[in-house]
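Have the viewer open while you go through them.

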Amino acid sequence: MAAGARGGLIRAVFLLSSGVLAHVEDLDDTFKDSRMDDVWLVDFYAPWCGYCKKLEPIWHEVGAELKSSGSPVRVGKMDATAYSGIASEYGVRGYPTIKLLKGDLAYNYKGQRTKDDIIEFANRVAGPAVRSLPSRQMFDHVLKRHDVLFVYVGGESPLKEKYIDVASELIVYTYFFSASEDVLPESVTLPELPAVVVFKDGSFFTYDQYEDGSLSSWVNRERFQGYLQIDGFTLYELGETGKLVAIAVINEKEQNEESTRLKDLIQRVATEYRGHFNRDFQFGHMDGNDYINSLIMSEVQVPSVIVLNTSNEQYFLPQEPVNTLEQLVGFINSVLDGSAQAHGGDGIFQRMKRVAYDARSTVMSVFRSSPLLGCFLFGLPLGVISLMCYGMCTAESDDGADDMELMKRDGLAEEDEEEEEEEEEERRRLAEEMEEDEEEEEDEEEKSPQEKKVD
Ligand SMILES: *[C@@H]1O[C@H](CO)[C@@H](O)[C@H](O)[C@H]1NC(C)=O
């Protein structure tokens, strides 16, 4: 009875709190039946996971804002450990996993877990896969808002069907639009229609199904600006394009002539050699070398140029200083044709190195952020271990002394008439021998057990 009352109380408190936070619905296994009627944004969490706890307040803001903005997206959360059957049906492997569920489709959210990013994702993916741009004004408006803009131009066609297919898959990354030709600015002339065009880097590029491979691989390659400011997260996103990443590593705060020159050169290669390198390379610069250093487990100079292969964790450094455009192009070409020396990689040796490197960085970072805690965390076990070692060593020599005494006593037992002085002398002699030579000590120790047995 008492337990039942308590259960009721807990449920009442729970209902109260979920009433206050009604914009995020707690989902259970009945969700499967009701989910098809709506578009759902779901946080699959585990009660014990720290990142999930960090997401929770953000998630409530997301729920509140989507609700107040009149979005049709319903926001929920599900304890993936309690309803593991449903969670595994949706392919939930880590926590938290954010998914947008729309009809039969489930879209993974892979962006940063901030309110604005999540809401932008929800609105983008929940809306139509392809949005039409009915006027020049609309076109100009979205062109201003998006760094990279995909537009299908033309009427109904097999290419349009393909475009819609690709859009409904890749809408997790970017928006897709369609327009008629007269909506585009006069400066944009297309050799033939229908066409798929990407507007970016102050220019536009048209998909060529004979040269560019499948439409989805082309979109995947073109969905970033030609030149980017790169950080760890961008690098992770770029990984999915399969491109090599050529980076000027600079220090934004202390830009000198050389860092400006390197940045400039990379930028020029990105635009002037786009036709040549765009398929295989992404270009950009990165502020500071901390991230790269931990990635390659070595120290890169600042400023410098590095090419990363995010697929196999290899990296390339120019053999000679890069001073001119020709030198940089030569270096990038040498990476492309395989003549440049590759470093790193994901082989077994590199993986072992990674384990050691990560362990070392953890220790270092603890010491750096809190030296006292570091001393305690790592000093304490070290202290205990050294005490144990010390104890073991001294215990061993104690044993030796005991054995010797035993020997002595045995000796005394055999020769009753030995005098105490002689015994003293013998003991001193043995002790001296022990100090002089370890091997002799070992001999003594080997002998002593036999002596014991005799006893
Ligand atoms: C980058 O890594 C991938 C995957 O291992 C490999 O196929 C490709 O050849 C590499 N590129 C270069 C330039 O080494």
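Predicted model: local features only at pLDDT ≥ 70, side-chain atom pairs only at ≥ 80, totals over all residues.

1. Which side chains put a polar atom by a ligand oxygen? Asn 309 does, with a polar side-chain atom 2.4 Å from an oxygen atom of the ligand. Asn 312 does too: an N or O atom of its side chain is 3.1 Å from a ligand oxygen. As for cover, the ligand on its own has 370 Å² of accessible area, and the protein covers 49% of this.

2. Next, the hydrophobic packing. The largest nonpolar core counts 24 residues, and Phe 281, Phe 283 and Leu 328 have the most contacts inside it. At least two core residues come from each of β12 (244-250), α10 (257-272), β13 (281-287), β14 (304-309) and α13 (325-336). Helix α13 is the top contributor, with six residues.

3. Now the sheet that holds β12, β13 and β14. It is open and has six strands, ordered β11-β13-β12-β14-β15-β16, with mixed pairing. What is left open at the edges? β11 and β16 (343-344) each have a single partner strand, so one side of each has no neighbour in the sheet. At the β11 end, β11 and β13 run parallel and are joined by three bridges. There, Tyr 227 stands opposite Phe 283, and Phe 283 is also one of the residues with the most contacts in the largest core.

4. Gly 226 sits in the loop between α8 (215-222) and β11 (227-229). Is Gly 226 buried or exposed? With a relative accessible area of 15%, Gly 226 falls under the 20% cut-off, so it counts as buried. Glu 252, in the loop between β12 and α10, is partly exposed at 27% relative accessible area. The C-alpha atoms of Glu 252 and Asp 287 are 5.6 Å apart, for a sequence separation of 35 residues.

5. Inside it, β7 (residues 149-153) and β8 (residues 176-179) are parallel and share four bridges, with Val 151 opposite Phe 177. At the β10 end, β9 (residues 195-200) and β10 (residues 203-206) are antiparallel, joined by four bridges, and Phe 199 stands opposite Phe 204.

6. Then there is β4 (residues 97-102). Why call β4 largely enclosed? Five of its six residues are buried, so the rest of the structure largely encloses it. β4 pairs antiparallel with β2 (residues 40-45) over five bridges, where Val 42 stands opposite Lys 99. β4 is also antiparallel to β5 (residues 105-108), over four bridges, and Lys 102 has Leu 105 as its bridge partner. The β4-β5 hairpin has two residues between the strands, and Gly 103 there takes a positive phi near 60°.

7. Last, some backbone geometry to check. Most residues other than glycine have a negative phi, and most peptide bonds are trans. Asp 201 goes against that, with a positive phi of about 50°; Asp 201 is in the turn of the β9-β10 hairpin, which has two residues between the strands, and is partly exposed at 33% relative accessible area. Glu 313 also has a positive phi, near 65°. Glu 313 lies in the loop between β14 and β15 (314-316) and is partly exposed at 48%.

8. From Tyr 95 to Pro 96, omega is near -10°, and Pro 96 lies in the loop between α4 (84-89) and β4. From Leu 193 to Pro 194, omega is near -5°, with Pro 194 in the loop between β8 and β9.

Terms used:
Residues numbered from 1 in each chain as written. Heavy atoms only, no water. Polar contact = N/O pair within 3.5 Å; in protein donor to acceptor, adjacent residues only side chain to side chain. Areas by Shrake-Rupley, 256 points an atom, 1.4 Å probe, with all protein chains shown as cover. Pairing = 2+ DSSP bridges. Core = buried A, V, L, I, M, F, W, Y, C linked by side-chain atoms within 4.5 Å. Buried < 20%, exposed > 50% of the residue type's maximum accessible area, 1.4 Å probe, protein only.
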